[in-house]
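Please look at the model on the screen.

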Amino acid sequence: MLPRTGLAAVSAALLAMNRRLEVRDVLQTITASARELLDAEYAALGVPDDHGGFAQFVVAGVDEERWRAIGPLPRQHGILAAMLRDASPQRLADVRRDPRFEGWPAAHPELADFIGMPVADGEEVLGALFLANKRCDRPAGGCGFTEEDEELLRLLAEHAAIALTNARLYERSRELTIAGERARIAHELHDAVSQKLFSLRLTAQAATALVDRDPERAKEELRQVAKLAAEAADELRAAVVELRPAALEEDGLVAALRSQVRVLDRAHGASVVFDGEGVRALPAAREEALLRVAQEALHNALRHSGARRVTVTLARRGAAVVLRVADDGRGFDPAAVRRAGRRLGLVSMRDRAAGVGGTLRVESEPGKGTVIEMEVPGG
């Protein structure tokens with residue numbers, strides 16, 4: 001039976017792993033948790049590729065300067081390869097004396113006592129945990145990892161496999177969602193811009209026919225050509241913005257929204273402004289949902305409302321974060337829109353909000369603009 005301190009540490013480690021959704025975050029959390037749990041100086045987690053190397057290799061206890069000096073990721077050789085091939089734990093008093101030891105780069109830290117544990121989902125080895133240099137007093141008899149350490153690491157590795165599998169499924173789900181979004185945008189782009197270009201071609205042909213016999217009417221047709229061309233350009237700009245949002249992982253939601261608003265403000269005649277200070281980072285799924293709802297609301301405001309000004313705000317409200325997109329456009333009657341079967345993206349926005357535990361509120365009436373407000377937990 002594990003001691004209470006061991007159980008508490010394992011519980012904290014498992015909770016930390018399952019709060020993460022991105023694969024890289026999960027790998028880093030597993031590695032840091034294993035190092036803390038076994039009180040090791042160094043820890044690493046390697047995810048193998050199909051070519052004898054590692055697709056990902058995360059370390060804890062090695063600073064960035066030394067990690068860069070070590071050089072390329074290791075190959076699957078020696079004890080690392082044995083663990084991945086045999087899927088069995090390894091506990092050594094001194095890794096340097098093992099016959100499978102093949103050395104390490106000059107900048108690599110000196111390792112002595114060593115423990116390794118495969119991270120497996122059934123028969124599939126997802127990766128392997130490596131820990132070295134137990135931090136404890138070293139009397140004459142030495143000090144190293146114990147059987148209890150091995151049991152703790154085995155338990156952690158079993159749950160790490162679940163957390164890593166869930167993270168991979170989440171990322172795959174996001175990839176499919178993004179692919180679906182791109183297909184939807186491409187369909188809308190084809191419909192909207194194709195219609196504009198078809199109208200533009202017909203109008204240009206009419207202007208050509210009228211140049212000699214009715215110059216004034218030809219001028220009017222050419223003015224219409226200019227208008228249609230401008231509308232088609234707006235359609236393209238809006239689609240490009242939606243296809244290429246700022247990277248949430250690198251920049252975060254606030255920076256992504258600010259970038260979107262800046263581009264739209266330049267591309268459209270309406271003034272588009274953003275205010276979003278003091279909001280902490282949210283889980284990736286909530287940030288993506290907020291960004292997509294903001295995009296849909298901005299799309300509606302700039303294409304359909306005739307607004308002169310659109311304001312986007314992101315703020316904390318108690319324990320929640322609230323996104324607000326307000327415009328001074330012509331507004332609409334939500335009930336009439338529902339009866340007419342027009343949705344203006346409201347259903348998809350509500351679905352996105354509900355999918356991350358949030359709510360969506362729509363306020364609008366003819367002549368009084370529109371407010372879209374989405375609230376999600378956290379922040």
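The largest pocket has a volume of about 620 Å³. A pocket here is an open set of points on a 1 Å grid where a 1.4 Å probe fits, with protein on both sides within 12 Å along at least five of seven lines. This is a predicted model, where local features need pLDDT of at least 70, side-chain atom pairs need 80 or more, and totals for linings use all residues. Residues are numbered from 1 along each chain, and hydrogens and water are left out.

By class, the lining has 24 nonpolar, four polar and three charged residues.

Now the helices. The axes of H8 (residues 284–304) and H10 (residues 346–355) come within 9 Å and cross at roughly 165°. H8 and H10 are therefore roughly antiparallel (over 145 degrees). Their contact (heavy atoms within 4.5 Å) includes Arg292 and Glu296 of H8 and Arg352 of H10.

Methods
Axes are lines fitted to C-alpha atoms, for helices over the stretch in contact, and angles run from 0 to 180 degrees between N-to-C directions. Helices (H or I, at least four residues) and strands (E, at least two) are DSSP runs, numbered from the N terminus. Angles under 35 degrees count as roughly parallel, over 145 as roughly antiparallel, 65 to 115 as roughly perpendicular and the rest as oblique. On a 1 Å grid over the protein atoms alone, a cavity is a set of points where a 1.4 Å probe fits but cannot get out, and a pocket is an open set with protein on both sides within 12 Å along at least five of seven lines; lining residues have an atom within 4 Å of a point. Grid points are joined across faces, edges and corners, and a volume is the space filled by probe spheres set on the points. Ala, Val, Leu, Ile, Met, Phe, Trp, Tyr, Cys and Pro count as nonpolar, Asp, Glu, Lys and Arg as charged, and the others, Gly among them, as polar.
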